[in-house]
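Here is a short report on a protein model.

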Amino acid sequence: MSDLNLKALYQEIILDHNRNPRNFKKMDDASCSVDGYNPLCGDHYTIFLKLDHDIIREISFQGSGCAISKASASVMSTVLKGKTRAEAEEWFEKFHHLVRGESNSGGSMDELGKLAAFAGVSEFPARVKCAILPWHTMKNALEEKKETVSTE
Ligand code: ZN
């Protein structure tokens, strides 16, 4: 696939997840829920996790914000469902490297799957916080830190 087609595909993934976010619902029986806020952009989400020992059985989110933040939360929810705590932390690291443009340490694009759609975010420093917000919020939920996550 050419770089141009790849860019179009990535853009399509982000638009699709922004328009039809997956797992976009409140979870009444969550093990943990944490709020995340990005004051620079106004992104504000709650991430809900249902943990069964070390496994993320369910993950959902609610809130509002820009297309990047909403698509990031949506793709994250599809990637992390069924993963262990340790795997979720590995994915967090990979995503962090990806959006900061440090992709050598983040594994191959193939391995990243739909998360690779966010590689272009590294060119827009103000957008990095939008993309990473749901992930930071998820990580605090995993660690059962209840205070609101802020990107500031
Ligand atoms: Zn944003």
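## Largest pocket

A pocket here is an open set of grid points with protein on both sides within 12 Å along at least five of seven lines, and lining residues have an atom within 4 Å of a point. The model is predicted.

The largest pocket holds about 490 Å³ of space. Its lining counts 18 residues. Nearest the centre lie K7, Y10, A117, G120 and V121. Helix 1 (residues 3–19) gives the most to this lining, with eight residues. By class, the lining of the largest pocket has eleven nonpolar, three polar and four charged residues.

## Helix 3 against helix 5

Helix 3 spans residues 85–99 and helix 5 spans residues 125–142. Their axes come within 10 Å and cross at roughly 160°. Angles over 145 degrees count as roughly antiparallel, so helix 3 and helix 5 are roughly antiparallel to each other. The crossing is left-handed.

Helix 3 makes the contact through R85, A88, E89, W91, F92, F95, H96 and V99. Helix 5 answers with V128, A131, I132, W135, H136, M138, K139 and L142. The contact has eleven nonpolar, two polar and three charged residues.

Most residues other than glycine have a negative phi. Which way does the phi of N23 point, positive or negative? The phi of N23 is positive, about 55°, although N23 is not a glycine. N23 sits in the loop between helix 1 and strand 1 (32–38).

E144, also a residue other than glycine, has a positive phi near 55°. E144 lies in the loop between helix 5 and strand 4 (149–150).

How values were computed. Residues numbered from 1 in each chain as written. Predicted model: local features only at pLDDT ≥ 70, side-chain atom pairs only at ≥ 80, totals over all residues. Heavy atoms only, no water. Axes fitted to C-alpha atoms, helices over the stretch in contact; angles between N-to-C directions. Helix = DSSP H or I, 4+ residues; strand = E, 2+ residues; numbered from the N terminus. Parallel < 35°, antiparallel > 145°, perpendicular 65-115°, else oblique. Left-handed = near helix turned anticlockwise from the far one by under 90°. Contact = heavy atoms within 4.5 Å. Nonpolar A, V, L, I, M, F, W, Y, C, P; charged D, E, K, R; others polar. 1 Å grid on protein atoms, 1.4 Å probe; cavity = no way out; pocket = protein on both sides within 12 Å on 5 of 7 lines; lining within 4 Å. Points joined across faces, edges and corners; volume = space filled by probe spheres on them.
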